[in-house]
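Hi,

Here is the structure I promised to pass on.

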Amino acid sequence: MKTFKIGGVHPAENKLSAAQPIKVAELPKIAVFPMGQHIGAPAKPIVQKGDKVKVGQKIAEAGGFVSAPIHSSVSGTVLKVDTIVEASGYAKPAVYITVEGDEWEEGIDRSDTLVTLNDRPELTDKDIISKIQNAGVVGMGGACFPCHVKLMPPSGSKPEWVIINAVECEPYLTADHRLMLEHADEILVGVTLLMKAVNVNKGFIAIEKNKPDAIALLTEKAKAYPEIEVVPLNVKYPQGGEKQLIDAVVGRQVPAPPALPVSVGAIIQNVGTAFAVYQAVMKNKPLFERIITVTGKSLANPSNFLARMGTPMAQLIDACGGLPEDTGKVIGGGPMMGKALLNTDVPVCKGSSGILIMNEKESLRGEVQNCIRCAKCVGACPMGLEPYLLSACAEQQMWDKLEKEDITSCIECGCCQFTCPSNRPLLDLVRMGKSTVMGIIKSRNAK
Amino acid sequence: MKQLTISLSPHVHANDSVKKNMYGVCIALIPALLCSFVFFGIGAIAVTAVSVASCVFFEWAINKYLLKNDKPTVTDGSAILTGILLAFNLPSNLPLWIVIIGALFAIGVVKMTFGGLGCNLFNPALAGRAFLLISFPVQMTTWPEPLQGFMTLDGTTGATPLSIMKAAIKGNDASLLNNLPDGIHMLTGQTGGCLGEVCALAILIGLVYLLVKKIITWHIPVAILATVFVFSGLMHLANPIYADPVAELLSGGLLLGAVFMATDYVTSPMTKKGQLIYGVAIGFLTVVIRTWGAYPEGMSFAILIMNAFTPLINNYCKPKRFGEVVKK
C-alpha cells in the first residue's frame, strides 16, 4: 500500500470519537469572530456596534487577495468590535455578536437535496472560484490557506490532478472521518467542482487505511464519478502534509521552497474544504460552520460536533461532560501540530479541526538529557533533514550554517521531537532557527 | 479556571527514553552473558560484576565529586552497559585489579572527560579494552579454554581460532588451519576467547532483539559482516593460508563488535549512508589488521579508528533531502 517515502512516525492513533455521529452543537449566547482566521491579510470588519445581522451575512471583507471574508454564523446584534486573545496569545481584532434567534440569509439552500454539476451545467471555472472566494472558504485542515488562491495557480504552472487530503493523520481527530461517512455524496460533488475550477480531469481522494469504512463508502460512491479515484494509504504521520501527500499519491516530490505543489502538477485540498466548496457553490452557503472533534482520554464523552464559527470552545467541552478535573492542557487541533490554548474561551474558527484535552501527566514533557546521537530524529524527518544538527546549530546561533543545511525546508511536523529518546526540544529550537533564517533571507532579498 | 500548560507542539511523545534504549541493549546482551557464565564459570561472573560495579562507581563519583553534577546520570543505564561490554572484551582469568583500571580508563578518561553521556568520541568499552591490551599484553591475550568446570579459576589456557589463523599466515602453512574448531563449535562458543565473544549464536539472538525493538537498524552490522565475508572470501580463494570467510565471521570479537560495539549510538554516524560507509570501512580494516597487523584481532582497533572518522562522515554524508533535484 502506498505511503510517502522519507521518514515519518506512527503515534498512537487514539481515535476515541471515531464512532460518534456528528451532533449539531447548540447556538452560543455570544459568538466571537476573530478577523485573522486564515493565512494572509486579516479581514476588515464591515459591521458596527448595534447592527443587526443574519446567519450567513458577511461581517468582514477580505483584506487583500490572499485573504478571505468572514460571515456571521448567527443572527443577532453586533455587541462590539474589539479584540480577543487568540490561540497565539496575541490580542487580535474580533467582532462580537449577541445571538438572537436563528434567522438565515435568504438565498441559502438549507435543503438536503444533492445538487451535482449535471444539474448546473452553466457553471464555469470562474463562477466556481468566485463563489468560493465570496463564501470565505479556506483550507479546513488547519493551515487555513484561502481556497481560491490555490485554485488560481501562477501562470506557467499546469495543474494535472486535484488531490483531496482525507488522511487525517493527526492522532485523536475524527472530524474528517465522520464527514466522509455522513456526507460522502456532497464531498464527491465538491471534488468535481474543484477539478472543474482548475480544469483537470483526474481527482484523487487519499484516505489512510485506519478508516476502512470511509474508504469502502467513498470507493462505492465514486463509481458514479469515473474521474475520481479513492487511494487508500498506509497509516503514517505526517501524511497529511501537502508534500508528503503528493509523494504518497502520485510519487512526485515538490522541490524545496519557494516551489509550490502545483509545480509538480498537484492541487491539494482538504476533504472538509471539498465539502465547504460544495456548500458554497451549490447551496450558496458561506463558510460559517464546521465539523470539530472534541476529545481526550479523561473527557467523559468524546464527540464530533457541527459547530457554528464563534462558538466558545468551553461550550463544546461542556457538551462532552465538561472539562475534566485533571486537565493539564487544552489543544486547538491535533497533538502533533495543534496549539496549546491559554483558555477555553477561544472561539471555534475556520481552521478548528479539534479540541484535545490532555491530563496533567500527558501535558508535561520528559526531562531533557544529552543527545545520545541515536539518529532517530534523522530517520523520522520526512523532509530528509538532520534535526539534531539543526537544533544544535540554532542553539549556537549559527544562522549561515542553518541556511546551508536547508532549515527552511522544515515543515514543523514534530516527528523529530516526538521520537527523541532524550526528550530534547528539537522542534522548539528548529522553529526559532527557521524563523530567524527566513527573516535573514527576507531582508537580504529586500536589498 | 486553573492554569493550563502552554507549550509548543508536538504535544505527544513516542515514550522512548535513553533508559529504554540502554537497558534494551543490556537485555540483548543477556544471552551472551549467560553463555559466558556457562563457558567460563565463576571467573566470568567475577570479571563482569567488577567491571559493571566499577564503571557505575566511577561515573557516579566523577559526577558527584569532580563535575558537581546535580543530576547524576548513573541511572540511565549507560554505565552498566559500558561495564558489561568492557567485561565482554576481557579474558575471564584477567586479574580483577586490571579490570578496575580498564573501567577507570573507559569511564573516567574516554567518557566523562569529554562531557559524559553522548559526548564521547570513542566507544568507552572498546577504548578501555585497547588501553588494557597495550598496557597488559600478556594478561590480555591469555585465554582459558571454555567448559573447564564452573569453579575453575586457573584452568588451562589455549589457542583461540584467531591465533591459529595468525599462525597459519605467519608460517605460510594452510594445514595449520585444520586445527580450527569446526563451525558448530564456533557458533555455540566452545572455543577460547574473551567473555562475550565466544558464543556467536547468543550474539545473533541479541541482534534479532535489537532489530525487533528498533534499537538499532541493520545498516552497520550488515555492512561489517558482508564486507568481512566478501573481503576474506576473496583472500581465501587467492591463497588458502587465509582462513575461510565463515571462520573469519565466527571468530574473535567480530560479531560482538558488529552487533554491540560498532552500533553504539554516540560514536557511529547519523545517516544511513554514513552508517554503511562506516560499516564497510570497519569490515575492511578488521580483515587488514587480522591479516597483516601485529595483533591477531583487529575488530576493536578498526572500530576505534572509524570512531575517529565519524564526525567527518557526518559532515559529508547528508540524508537525501525531500524533493532534492539530482544534479546532473
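Helices (H or I, at least four residues) and strands (E, at least two) are DSSP runs, numbered from the N terminus.

A word on the ground rules. This is a predicted model, where local features need pLDDT of at least 70 and side-chain atom pairs count only at pLDDT 80 or more, while totals for chains, interfaces and linings use all residues. Residues are numbered from 1 along each chain as its sequence is written, and chains are lettered from A and ligands numbered from 1 in the order in which they are written.

Back to H1(A), which covers residues 125-134. Ile128(A), Ile129(A), Lys131(A), Ile132(A) and Gln133(A) are its buried residues. Buried means that 20 or more other C-beta atoms lie within 10 Å of the residue's own, exposed means 12 or fewer, and partly exposed is in between, with C-beta atoms placed from the backbone. The cover over those buried residues includes helix H2 (147-150), helix H4 (184-197) and helix H7 (271-282) of chain A.

H4 of chain A is also where you'll find Leu194(A). Is Leu194(A) buried or exposed? Leu194(A) counts as buried because it has 27 C-beta neighbours inside 10 Å. Leaving out residues up to four places away in sequence, Leu194(A) touches Val162(A), Gln269(A), Ala274(A) and Val277(A). Touching, or being in contact, means that two C-beta atoms, placed from the backbone, lie within 7 Å.

Now zoom out to chain A as a whole. Its secondary structure comes to 14 helices and 17 strands, and 56% of its 447 residues count as buried. Its C-alpha atoms fill a box of roughly 65 × 50 × 50 Å along the principal axes. A compact globule of 447 residues would have a radius of gyration near 22 Å, and the 21 Å of chain A agrees with that. (The radius is taken over C-alpha atoms, and the globule rule is 2.2 Å times the number of residues to the power 0.38.) Among contacts in chain A with a separation of 6 or more, 73% come from residues 24 or more positions apart.

There's a chain B too. Where the chains meet, 32 residues from chain B and 50 residues from chain A take part. On the side of chain B that touches chain A, the residues are 16 nonpolar, 11 polar and 5 charged. Here Ala, Val, Leu, Ile, Met, Phe, Trp, Tyr, Cys and Pro count as nonpolar, Asp, Glu, Lys and Arg as charged, and the others, Gly among them, as polar.

Next, a sheet to trace. In chain A, an open sheet of 6 strands runs in the order S1-S14-S13-S17-S15-S16, with mixed pairing. Strand S1 (22-24) and strand S16 (339-340) of chain A stand at the edges with a single partner strand each, so one side of each has no neighbour in the sheet. (Strands pair if DSSP finds at least two bridges between them.) Inside it, S13 (residues 289-295) and S17 (residues 354-359) of chain A run parallel, joined by 3 bridges. One thing to look up is Thr295(A), whose bridge partner in S17(A) is Leu356(A).

Helix H3(A) packs on this sheet, touching S1, S13, S14 and S17 of chain A, and its direction makes about 125° with that of S13(A). H3 (residues 175-182) also meets helix H5 (residues 212-221) of chain A: their axes come within 9 Å and cross at roughly 35°. Axes are lines fitted to C-alpha atoms, for helices over the stretch in contact, and angles run from 0 to 180 degrees between N-to-C directions. From H3(A), His177(A), Met180(A) and Leu181(A) meet Asp213(A), Ala214(A), Leu217(A) and Leu218(A) in H5(A).

Most residues other than glycine have a negative phi, and most peptide bonds are trans. What is the peptide bond from Tyr237(A) to Pro238(A), cis or trans? That bond is cis, with omega near 0°. The bond from Pro257(A) to Pro258(A) is cis as well, with omega near 10°. Asn284(A), though not a glycine, has a positive phi of about 60°, and Asn284(A) sits in the loop between H7 and S13 of chain A.
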